[in-house]
Amino acid sequence: MEQQDLNKRLLLALALSFFVFVGYSYLFPPQKAVQPVEQTEAKHATPSVAKVDNAKVSNMAPTVANTTNNAPVTTNKTKLLASVHSKTFKMNIDTFGRIAQFELLEEKYKDSEGKNLQILGVNEVKPLEVRFSDTTLNDEAFKTEYTMDGDSTVDVTSSAKTIVLTQKLSSVTITKKITIEPNGAYTLDVSTSSEAPYFITPGHRPMADASRYMLVRGALVKGPDNVILTVEDGDAKGNEVVKNAKIASAFDRYVASMFYNFDQGMNVSILKEAEDNPLIFVAGKPNLHLGGYIGPKEYHTLMAINPELTDAIEFGWFTFLSKPFFKVLLWIHSHIGNWGWAIILFTLLVKLILFPLSYKGMMSMQKLKDLAPKMKELKAKYKDDPAKMNVKMMEMYKKNGANPMGGCLPMLLQIPVFFALYRVLLNADELQGAVWISGWIDNLAAADPYYILPVLMGISMWFQQRITPNNFTDPLQEKIFKWFPVLMAGMFIIMPFPSGLVLYWVVNNIFTIGQQYIINKAYAKYKADAVATHNKKG
């Protein structure tokens, strides 16, 4: 196979991978969408209960009770016990001792109508919901309200505040002491007056958007050995168990609700909800102490609570690359203060690191282009003897210093780099509301409102093809390759990709064009020197 064919097929494979990886998830989005939440406090839901399987959790006793059949009927009579306010959020605590709603107040989270983002679904399991292993006691608990002493309006704008919730049941009294910080972190102490095995949950994953892209959503558990288990929506088996876990997070694209305990750990069970979605429960004890957090997965916020919590920022399959990329982007941004320019500088850094490989690969492509007529002659001459033809071609490659595989490695390296950056730029909360150029790109997490970047991407891809040596032997491949920029630009216009991602692609193309010019000039000099040397010898 000729080098040019191999390179083009690799590029087409990259395009196909992209369409499968991203296009399918856009055209066939998950059926489960973000549920609208009532803005008024006049309507509230009673404790919703996961539709879990009857599967028992191995090696963990007691098990989480299957409360599907005795769940209370949802009404609009559930009241609030407390409303907690800070500069960045509003948290409602209902009379069943749960976080009924969590509302983000920052401007970047407002919707097109100017309403604040509420991240907890109406009919989903709420954070801090308790399940008793005794189904009779559990049924009673879902019918018995908590009480709270003190003011129902709690202001944590400047300092942490503590609220104490109490539920008196026939055989046990359960008390929740919650100390809430201004950044959404909290400490949770749960005590029971007598032995009554129970579990507590960080709730069904919060929902920050209804994006149609293939995103990582579900449950994340970090074990005592620092191994991270991720159970995505639709993949839960209902029997996943992690003992002495450090972190248990129910997460969405930008937000999460999590428990953590880095000293003693937590015994975590993952149950299966409807549509095979995961639901986390932590085994309780008479005196349970946990750390908690609910809100955006913002790196510096999690870092301030505990550096290990940044492991809850999950990027999917390419986390091993995405995490270091994200940290480099954070470092660049800390120096220049603009995420758009940080993406541009990061792209330049990647191109500079890969330049030695790209240089060798592109020089090899230039040499192979010049050798194309001789290769055709060898093919025609030895068409009946493939083994000898291959030997002669290898001799020719060696004599002319051409490597038939030289251009493959740079292109292969682009595939994981691109998808790792795709995950970073799609999932990083920091890009929400991030301005690159005011009046044009005011939100790098949203699509370019004027479609300038997608058009520039198509033009830059087309121009890059013009100056890159080509030697197609398959007419169909040549046609596909020529239309490829149009197809990609069209897809990026139809599918509203984040402008930060498209910016990376455009800048990468521009730097590649500059790189190709440098290499074309270097190769022209190489040929001129080779001719001069040959003439001297002649």
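Is tryptophan 462 buried, exposed or partly exposed? In this predicted model, tryptophan 462 has a relative accessibility of 43%. Buried means under 20% and exposed means over 50%, so tryptophan 462 counts as partly exposed. Phenylalanine 463, with a relative accessible area of 31%, is also partly exposed. The rings of tryptophan 462 and phenylalanine 463 form a tilted aromatic pair, with 6.5 Å between centres and 50° between planes.

**Aromatic pairs**

The search of the whole structure finds 18 aromatic pairs. Ring pairs also link a cluster made of Phe318, Phe320, Phe418, Phe419, Phe492, Phe497, Tyr504 and Trp505.

**Nonpolar cores**

The largest nonpolar core contains 115 residues. Helix α7, residues 408–427, supplies the largest share of this core, with nine residues. The residues with the most contacts inside the core are Met91, Phe132, Ile180, Leu188, Ile200, Phe259 and Leu329. For isoleucine 200, leaving aside neighbours within four places in sequence, the contacts include Leu128, Val130, Leu188, Val190, Phe259 and Ile280. Glu129 is also in contact with isoleucine 200. A second, separate core has 11 residues, among them Leu371, Ala372, Met375 and Tyr397.

**Strand pairing**

| Strands | Bridges | Bridge partners |
|---|---|---|
| β2 (residues 89–94) and β3 (residues 99–104) | five bridges | isoleucine 93 and isoleucine 99 |
| β3 and β4 (residues 117–118) | two bridges | glutamate 103 and glutamine 118 |
| β9 and β10 (residues 185–192) | seven bridges | isoleucine 180 and tyrosine 186 |

Strand β3 pairs with β2 and with β4. Six of the six residues of β3 are buried, so this strand is largely enclosed by the rest of the structure. The hairpin of β2 and β3 has four residues between the strands, and glycine 97 in the turn has a positive phi of about 70°.

A hairpin of four residues joins β8 to β9. Strands β9 and β10 form a hairpin as well, with four residues between them. Glycine 184 lies in that turn and has a positive phi of about 100°. Isoleucine 180, the bridge partner of tyrosine 186 in β10, is one of the residues with the most contacts inside the largest nonpolar core.

Note on methods. Residues are numbered from 1 along each chain as its sequence is written. This is a predicted model: local features need pLDDT of at least 70, side-chain atom pairs count only at pLDDT 80 or more; totals for chains, interfaces and linings use all residues. Side-chain values use heavy atoms; hydrogens and water are left out. A nonpolar core is a set of buried Ala, Val, Leu, Ile, Met, Phe, Trp, Tyr and Cys residues joined through side-chain atoms within 4.5 Å. Buried means under 20% relative accessible area, exposed over 50%, partly exposed in between (1.4 Å probe, protein chains only). Contact means heavy atoms within 4.5 Å. Rings of Phe, Tyr and Trp (its six-membered ring) pair if their centres lie within 6.5 Å; planes under 30 degrees apart count as stacked, over 60 as edge-to-face and the rest as tilted. Two strands pair if DSSP finds at least two bridges between them.
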